[in-house]
Amino acid sequence: MDFDVVVIGGGVGGLASAIRSAELGKKVAIVERDVIGGECVNRACIPSKTLIDAVKLVSRTRKSPWIKANASIDYEILNQHKNKSIEAIRNNLLENLRKHNITVIAGEGKVNEHGEVQVGEKTITFDNLVIATGSSPISLADFPLNGRNVLDPWTAMNLPSLPNSIVIVGGGVAGVELATLFRALGKEVTILELMPQLLPGFDKDIASETKKRLEENGVKIYLQAKSKIVDSKDKVKFSVSLPSSSETVEGDLAVITIGRKANNDNLGLNNLKVETDQRGYIKVDGRTRTSNSRVYAVGDCAGMPLSATKAWKQGIVAGDNIGGKDSVMPKYIPISIFADLEIGLVGKSLDDVKKEGVEATEVKVEMREIPRAWTVNETEGFLKVVVDKEGKILGAHMIGEGATEIINTMALAMEGNLTMKELYKVSFSHPTLTEVISEVAQRFYHGELY
Ligand SMILES: Cc1cc2nc3c(=O)[nH]c(=O)nc-3n(C[C@H](O)[C@H](O)[C@H](O)COP(=O)(O)OP(=O)(O)OC[C@H]3O[C@@H](n4cnc5c(N)ncnc54)[C@H](O)[C@@H]3O)c2cc1C
């Protein structure tokens, strides 16, 4: 055997599985056709959040008349800062691979008919294989990507400069984050969403609060908009069919946030009898094991949710199991959206729970009731916690400053099976935004403290 473990794909999922199995004493190789760090580090989470954090700082400064500064973004310098951050994170990861004696093999990996990994002319044998090849945007018939003015999100984010008007197709997580970014950079932004709600599938109050905030900032949002590109020679023109009218919408640039597929084509999965679902994602169990018990799959290539949050965790779980430590995926994977008003959620909404016939209630605290929200000058938003009659926490949904951090505390409580009674006992540092959690517990049992 050349290696105990071969990992195909050096994104966050692949890296986590490689490092974890090496920590547990395995001899590991990772095959990467592009750069270590994958989509999250190089093109998605890290670059998008660097840009969004910068524009949020500017808008917060503008909303604070007591700060005397004429804040604005220099996109070129911001891009340099973004590239520096990416490089620093990537170098740390590379250092970690070196520290664990993980061999990095450059090239396109696939499984040959003998069940070995093939990289160019080289064949590599293994005990365990981890597939961590990620996913890619696809060009849809109604929104054909052209590399010029109809782009996928990361290509758009990496343009040296942005044109004046931008139409975003899809009002999901990526659509909302990009709208936040582009609008704060002073662009005219339109979102076209097919469903009746922005952020389809999310708690409806969070979706409507997000819509309100984006519209207040000048983003135009069309819901129930059945659209398609009719011309992209110069400007990009869309025909948009709405419930009671039809319109033409146009922009200098279109960013298509819908449509992705697993990077599993040409991988030779059949040679190892690894099964995929109808959409082409690899089927895995809670230990990230595929239909072939020697093969694991982690991250986007293993299906929903397509998030780095899930990819990291699946990587660790795969590494644990390969290294002989029984490990299963957590019950809850939090989701964060880095919009103008941040969003964090974990678990189920009250509507979901009711559909399942579970008796539950929802405790809601507005952020304007939390003292810290006033000191940071961001009082919009709320935390809603879904609780059953025994006090078990079934879900938490937050919009507001700090939501992407606070939601991790709720995930911790839920994963640890803490009830509201136990949360009620905890002392939360004051004044902090996280105090919203203690106020929820206070209200569940008694009444308002704040
Ligand atoms: C704009 C944007 C913003 C996002 N922001 C967030 C966020 O804030 N939080 C979050 O949790 N998620 C976010 N995501 C999602 C996140 O980026 C992905 O879910 C995550 O990167 C998936 O990790 P992965 O390891 O599965 O795949 P990837 O990161 O895609 O890595 C796969 C790697 O495999 C390599 N590869 C593929 N095939 C082969 C092959 N045959 N041989 C060798 N190498 C191969 C690729 O080159 C790549 O490096 C965002 C996505 C986008 C588009």
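Helices α3 and α4 (residues 75–99) have axes that come within 9 Å and cross at roughly 140°; here axes are lines fitted to C-alpha atoms, for helices over the stretch in contact, with angles running from 0 to 180 degrees between N-to-C directions. Helices (H or I, at least four residues) and strands (E, at least two) are DSSP runs numbered from the N terminus. The crossing is right-handed, that is, the near helix is turned clockwise from the far one by less than a right angle, anticlockwise being left-handed. On the α3 side, I46, P47, T50, L51 and A54 meet L78, H81, K82, S85, I86 and I89 of α4, contact being C-beta atoms, placed from the backbone, within 7 Å. Seven of these residues are nonpolar, three polar and one charged; Ala, Val, Leu, Ile, Met, Phe, Trp, Tyr, Cys and Pro count as nonpolar, Asp, Glu, Lys and Arg as charged, and the others, Gly among them, as polar.

All of this comes from a predicted model, where local features need pLDDT of at least 70, side-chain atom pairs count only at pLDDT 80 or more, and totals for chains, interfaces and linings use all residues. Residues are numbered from 1 along each chain as its sequence is written.

Helix α3 (residues 45–62) also packs with α6 (residues 173–184): their axes come within 9 Å and cross at roughly 50°. That again leaves α3 oblique to its partner, α6, but the crossing with α6 is left-handed. S48, L51, I52, V55, V58 and S59 of α3 meet E177, T180, L181 and A184 of α6, a set with six nonpolar, three polar and one charged residue.

Then there's the ligand. It is surrounded by 36 residues, with G9, G11, G38, G134 and G299 the closest (near means a C-beta atom, placed from the backbone, within 6 Å). Elements giving at least two residues each include α1 (12–23), β2 (28–32), α3 and α8 (308–322). The shell splits into 14 nonpolar, 14 polar and eight charged residues. Because domain 1 (3–137 + 261–322) and domain 2 (150–258) both contribute to this shell, the ligand lies between them; domain bounds come from an automatic or database domain assignment.

Domain 3 covers 341–445.

Key: Angles under 35 degrees count as roughly parallel, over 145 as roughly antiparallel, 65 to 115 as roughly perpendicular and the rest as oblique. Two residues are in contact if their C-beta atoms, placed from the backbone, lie within 7 Å.
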